[in-house]
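Q: I would like to learn how to read a structure feature by feature. Please give the general idea each time, then the case at hand.

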Amino acid sequence: MSKGKIWFLAITAALGGFLFGFDTIVINGAEQDIQKLWNLSGGVHGWVISAALWGTVIGSLAGGWVSDFFGRKRTLFGVGVFFLVSAVWSAFATGPWTMIAARFLGGLGVGVSTIAAPVYIAEIAPAESRGKMTALFQFNIVFGVVVSLASNLLLKDVGANAWRWMLGVEAFPALVFTLLCPFLIESPRWLKANEELRMKNEERGVEREGFWSHSNLRPILLAFFVAFFNQLSGCNAVNYFAPRIFSLAGFERDAQFLATFGLGMLNFAATFTGVWLIDRLGRKTLLLIGGVGYVVSLFAASLFFYLGNGVMSAAMVFLFLAAHAVGQGTAIWVLIAEVFPQKFRAQGQSLGSFTHWFFAALIALTFPLAAESVPAWAIFGFFGVAMVFHLLWAIFFVPETKGKTLDELAHAESRDCSGNKIG
């Protein structure tokens, strides 16, 4: 297969990441109008806003099985259909419960896309460019975020139904993605593994080893902790509640939204840098660079919030998101997609995705209460302490996967946590 063909397949699959980023952030521009229109209580409004996240949790749980059973290509096509229906349904929602259902459906698409797209790209990409090809998924997530922020900004004054346009415009990229999916080829690795599995089942009747086995302990722990620390950094507290955070720094409303858009642009540029570096420096090196940036920026933000210096507090929030985008934000989906053996790759991606989205949903639910109950300096200090443990984990437990084939990685990861060969 030609290099150009591989890039076309990788870019097409990575468009699922664009829809992921667009879908999860676009509600921010519409949520206040929706609450006023339907006179929603705080509890019901919370369900409207978090419905997509809980759909993502369920989608990430089911996505591994779906991707293995139906194949990567058909799963990605289904993801496109989910996004398309969710966008149109959200735009024509008649009340909070139809909105919750529509957003939940989009969340299912997000959850499944975080499994099917990175796994598909990792399986078709050559070892020397697998990092940047798989990281295209994260790059497109951030690109989708930026486009959704710009779209909301352009559509906010189109009239009383501006919020419907904000949510409905996602149908256009969703349609493009859905129409491109039939041009994908099925993952050769999935086809081979599927054939081998059928042959083994015919010969033995059962599969000998399951996902939750001792030989998978190391990749399971890697997938869990890279996703756990990703959320414990506070990245999605910043992504979901940036205007509120800038208000805590003393910014007026217009300045809050301007700073939020600037944060999105910085995230985009830093992610581009991470994609460029990941096959040059390696996954572990990016985690270390980002980890140092985490610790410095979070503790500095905590200090400046404590001192009441709003400008420097905001500057440290910008530095924090840049560190995240270059490090964890770029490496997470690449690392999870690489460390599992072929027959467990989709299930491993499902574990990492579920962990990521479960803790993202918890952050979304608890951050507003935390912001009302404790000072901002304490929140950022908590995230900073957590990232000290992340940095230690990255130093001592994360392997480097740069430049190795998936078969080499599968062999290397068949070891226990002490590094002893299993089998």
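Q: Is helix α4 largely enclosed by the rest of the structure or largely open, and why?

A: Burial is judged by relative accessible area: buried means under 20%, exposed over 50%, and partly exposed in between, with a 1.4 Å probe and protein chains only. In α4, 25 of the 29 residues are buried, so the helix is largely enclosed by the rest of the structure. This is a predicted model, in which local features need pLDDT of at least 70, side-chain atom pairs count only at pLDDT 80 or more, and totals for chains, interfaces and linings use all residues. Residues are numbered from 1 along each chain as its sequence is written, and side-chain values use heavy atoms, with hydrogens and water left out.

Q: How many helices and strands does the chain have?

A: Helices (H or I, at least four residues) and strands (E, at least two) are DSSP runs, numbered from the N terminus. The chain has 17 helices and 0 strands. Its radius of gyration is 21 Å, close to the 22 Å that the globule rule gives for 423 residues, so the chain is as compact as a globular protein of that length. That radius is taken over C-alpha atoms, and the rule is 2.2 Å times the number of residues to the power 0.38. Along the principal axes, the C-alpha atoms fill a box of roughly 65 × 45 × 40 Å. Of the 423 residues, 57% are buried.

Q: What span should helix α4 have, and where does α4 bend?

A: The expected span of a helix is 1.5 Å times one less than its number of residues. For the 29 residues of α4 (residues 96-124) this gives 42 Å, and the end C-alpha atoms are 42 Å apart, which agrees. A bend at a residue is the angle between axes fitted to the seven residues ending there and the seven starting there. In α4 there is a bend of about 35° at S113.

Q: Where is G109, and is G109 buried or exposed?

A: G109 lies in helix α4 and is buried, at a relative accessible area of 1%. Between G109 and A14 there are 13 Å, C-alpha to C-alpha, for a sequence separation of 95 residues.

Q: Which residue forms a salt bridge with D23?

A: Side chains of opposite charge can pair when their charged atoms come close. The criterion used here is a side-chain nitrogen of Lys or Arg within 4 Å of a carboxyl oxygen of Asp or Glu. D23 pairs with R103, with 3.6 Å between the closest N and O atoms. The pair links distant parts of the chain, since D23 is in helix α1 (residues 3-38) and R103 in helix α4, 80 residues apart. D23 is buried, at 1% relative accessibility, and R103 is buried too, at 2%. The whole structure has 8 salt bridges.

Q: Which residues form the nonpolar patch on the surface?

A: Patches are made of residues with over 30% relative accessible area and no salt bridge; like charges are joined within 9 Å, and nonpolar side chains (Val, Leu, Ile, Met, Phe, Trp, Tyr) within 5 Å. Accessible areas come from the Shrake-Rupley method with a 1.4 Å probe, and for residues only the protein chains shown count as cover. The patch consists of F299, V385, V388, F389, L392, I395, F396 and F397, with about 760 Å² of accessible area together. Its largest share, 7 residues, comes from helix α16 (residues 376-397). F299 belongs to helix α12 (residues 283-307) and is partly exposed, at 35% relative accessibility.

Q: What phi does N39 have?

A: Most residues other than glycine have a negative phi. N39 is not a glycine, yet has a positive phi of about 50°. N39 sits in the loop between α1 and α2 (42-70) and is exposed, at 69% relative accessibility.
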